[in-house]
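Keep the viewer open and work through them step by step.

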Amino acid sequence: MIFDKMISIFSDDTICALATAPGGAMATIRVSGNRAVEITDSLFRTPSGKRVADMLPYTAIHGEIFDADEATVDDVMVLLFRAPHSYTGEDVAEITCHGSRYIINRILSRLIQQGCRQANPGEYTMRAFLNGKMDLCQAEAVADLIASSNAATHNMAMSQLRGNFTQRLRQLRDRLLHITSLIELELDFSEHDVEFANRSQLLSLANEIHGHIERLVNSFNTGVAIRQGIPVAIIGKTNVGKSTLLNRLVHDDKAIVSDIHGTTRDTIEDVTQIHGLTFRFIDTAGIRNTSDTVEQIGIQRAYQKLEEASIVIWITDTVPNMEEVDDILKRTERKRLIAVVNKIDRQEPPYDPLIGMGQGRGIPIVNISAKHGINMEELEEVIFKAADIPDVQQNDVVVTNVRHYEALSHALNDIIRVEDALHADISADLLSEDLRACIQHLAEIVGGEITTEETLQNIFSKFCVGK
Ligand code: GDP
């Protein structure tokens, strides 16, 4: 078996861990490995005397976990899966108990006393990979699924988990192998000076593969924007209502966002969801409390922050002078700009200079009152449109992972070299080298015999314990 070496590195102990989030009414502890049934039976009893070992797979049994002194720890349900038909591909017993920290710890320490080892982060999923239950990019999708925080991230992870990405890579591999076989046939007969593979036919096959890989590489921008949130900066002079607007935009969602282990988002930020997409507001706190005398410095700082944003909301509450408007336009040339006129509850919006501003670049202008919540839905709609993110469905393949992006970028360079070589009519042996490199780079994504221990540890250490 190709993973023999890794299995010897990653032990085949029977492992246990809490699989559910702490704090709920119920909790599930997962036991996986050769001795899962035997160990569970050693601390579990039923009134009828039935053992877990007697159970049919996929059935549940009610009983109790008892302590070393025979006292009952908790009333539980045990659900049994038998190898290879389980998540890990091993025997698995899932013990569902009451959600008390004390009970969970007692059961875990009893399992450890009886011969289990506490699972490492991601160890269940790593075993699933090592036992051929899923490939590497599907395993990574599990972590993404757990961390998904909106419809788009959920759809991307689901698609990857279901194997759509794997399928796409397999199709590319088949096409590359087809070209390789044509060329290698030619190599075998090289002394006869025959050309089996028509060069222009090969070139069009290579172009096609190039197109597919390039589309995947390009989808990474969308993937990152969806996963990390689309960066938005709110800029404008002091007291125009930036903080009030930010608070109103993020108000309802703040509680939903949490720092989930395994996500790329490290800190809790000002984020909001609009139509299932996450928008991340870049902190321009530096100018929030700036007094009028240092206003210019504050604005400078906001401009620096602006570099990180792909959408800029420029907010004003008075008639801006043309100089200010020109300055904003110049600095946001490569951004999607939205002009917001705030405090319309107090006055008529200052139309004229702004209408001029919107012309040419098609900059939307939205009149709002951040304080009174007037026209906020319209503003959200405009922000959503500015994001210009395609609607991700559950079958779409969007690259979200840096590891995949890097492998695809290498594969793209390989296929470009193949195309160049075909153009230049370079000999078949050089062509096949680049083709093999391209196949190899695509294979790294799904993993296999070439996957190093370091890569695996890197991937699975980002998981939570219990998955
Ligand atoms: P910032 O300095 O740009 O962040 O501005 P703030 O959000 O701190 O707001 C400055 C002042 O304007 C505060 O007193 C807000 O209550 C007020 N303000 C914000 N939005 C509105 C609005 O829509 N209407 C009115 N009348 N006042 C507002």
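**Exercise 1.** How far is an oxygen atom of the ligand from a polar backbone atom of G241?

*Solution.* The distance is 3.0 Å, between a ligand oxygen and a polar backbone atom of G241. This is a polar contact, meaning a pair of N or O atoms within 3.5 Å; within protein, one must be able to donate a hydrogen and the other to accept it, and residues adjacent in sequence count only if both atoms are side-chain atoms. Next, look at the side chains: a polar atom of K343 lies 3.1 Å from a ligand oxygen, and an N or O atom of S369 is 2.6 Å from a ligand oxygen. Taken alone, the ligand exposes 580 Å², and the protein buries 78% of that (Shrake-Rupley method, 1.4 Å probe; for residues, only the protein chains shown count as cover).

A word on the model: it is predicted, so local features need pLDDT of at least 70 and side-chain atom pairs count only at pLDDT 80 or more, while totals for chains, interfaces and linings use all residues. Residues are numbered from 1 along each chain as its sequence is written, and side-chain values use heavy atoms, with hydrogens and water left out.

**Exercise 2.** Describe the surroundings of S369.

*Solution.* Start with its place in the chain: S369 is found in the loop between β13 (365-367) and α13 (376-387). Helices (H or I, at least four residues) and strands (E, at least two) are DSSP runs, numbered from the N terminus. Then check burial: S369 has a relative accessible area of 1%, so it is buried (under 20%; exposed is over 50%, partly exposed in between, with a 1.4 Å probe and protein chains only). Finally, list partners: beyond its neighbours within four places in sequence, S369 is in contact with N342, K343, I344, D345 and I374 (heavy atoms within 4.5 Å). With D345 there is a side-chain polar contact of 3.3 Å.

**Exercise 3.** Which elements give two or more residues to the largest nonpolar core?

*Solution.* First find the core: it has 34 residues, and F165, L176, I213, L408 and I415 have the most contacts inside it. Such a core is a set of buried Ala, Val, Leu, Ile, Met, Phe, Trp, Tyr and Cys residues joined through side-chain atoms within 4.5 Å. The contributing elements are α7 (164-188), α8 (199-228), α14 (402-423) and α15 (428-446). The largest share, nine residues, comes from α8. Now take I213: leaving aside neighbours within four places in sequence, its contacts are L172, L408, A411, L412, I415 and C438.
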